[in-house]
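User: Hello! I am new to this structure and would like to learn how to read its features. Could you walk me through them?

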Amino acid sequence: MNQALNILIVDDEERIRRLLKMYLEREGYQTEEAEDGIEAFEKAMSKDYDLILLDVMMPGKDGIEVCKELREFKATPIIMLTAKGEEVNRVQGFEVGTDDYIVKPFSPREVVLRVKALLRRSSQTSFIHTEPITKDVLVFPHLTIDNDAHRVTADGKEVGLTPKEYELLYFLAKSPDKVYDREQLLKEVWHYEFFGDLRTVDTHVKRLREKLNKVSENAAKMIITVWGVGYKFEVVEE
């Protein structure tokens, strides 16, 4: 029997925390709560949660700061909760490494569906997949992407990526040498029309390269910048 997945709910409004807690626990998840950014960061650093629901606007330390600091250490899937009209915060959220966002006021059922979708895509909880198991592995010199297990290895060493970083790498690697502009990547990788700051893509590419480079310089070099256009995945010649 699988152990229940643990979700950290971060919001300065107790009413919202209780509502999310009720719906998530009804689905079989375990939950813990934090009422501000400082408490959220401390809890997230002391324990490996399967997912974090993170409010943007909080006193002391906001969700943007918390996400940015956490991404220095962990790849925990993060969904940000933002109020209507806070598009700038949503753009900043993607730039610092959030994986999805939900706009307030929200339907608790929508939150549950988004949580389930992100956990399915998360490398930390790949066993949740309900689709028939198929052999879906991309193998290149210096880099292997096992899409069934959501696992990336470079020169034999595993690379820890956030769900969005993983999706970006997998999307590019599926079509070697094909150039994608930033608008295409925002649409395809972020799964919906997102007319925001194109630096979101640049930030994720930069972070992806840095993580690959720590393990394998050759793997990092496969992500090519096509100046004035966008990015492509190119197999490194031996």
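Analyst: Happy to! Keep in mind that this is a predicted model. Let us begin with a sheet: three strands make an open sheet, ordered β10-β12-β11, with antiparallel pairing.

User: How should I read the pairing in a sheet?

Analyst: The general idea is that strands of a sheet pair through backbone hydrogen bonds, in either a parallel or an antiparallel way. Here, β10 and β12 (residues 230-233) pair in the antiparallel sense over two bridges. To find a spot to look at, go to aspartate 181, which stands opposite glycine 230 in β12.

User: Which strands stand at the edges, and why is one side of each left without a neighbour?

Analyst: The edge strands are β10 (180-181) and β11 (223-226); each has a single partner strand, so one side of each has no neighbour in the sheet.

User: Which helix lies across these strands?

Analyst: That is α6, residues 163-174, which lies across β10, β11 and β12. The helix runs at about 70° to β12.

User: Now for cavities. How many of 30 Å³ or more does the structure hold?

Analyst: It holds one, and the volume of the largest cavity is about 30 Å³. Its lining consists of Leu8, Val10, Ala40, Ala44, Ile52, Leu54, Val66 and Leu70. The elements giving two or more residues to that lining are β1 (6-10), α2 (37-46), β3 (51-55) and α3 (63-70).

User: What classes of residue are in the lining of the largest cavity?

Analyst: Sorted by class, there are eight nonpolar residues, with no polar and no charged ones.

Methods
Residues numbered from 1 in each chain as written. Predicted model: local features only at pLDDT ≥ 70, side-chain atom pairs only at ≥ 80, totals over all residues. Heavy atoms only, no water. 1 Å grid on protein atoms, 1.4 Å probe; cavity = no way out; pocket = protein on both sides within 12 Å on 5 of 7 lines; lining within 4 Å. Points joined across faces, edges and corners; volume = space filled by probe spheres on them. Helix = DSSP H or I, 4+ residues; strand = E, 2+ residues; numbered from the N terminus. Nonpolar A, V, L, I, M, F, W, Y, C, P; charged D, E, K, R; others polar. Pairing = 2+ DSSP bridges. Contact = heavy atoms within 4.5 Å. Axes fitted to C-alpha atoms, helices over the stretch in contact; angles between N-to-C directions.
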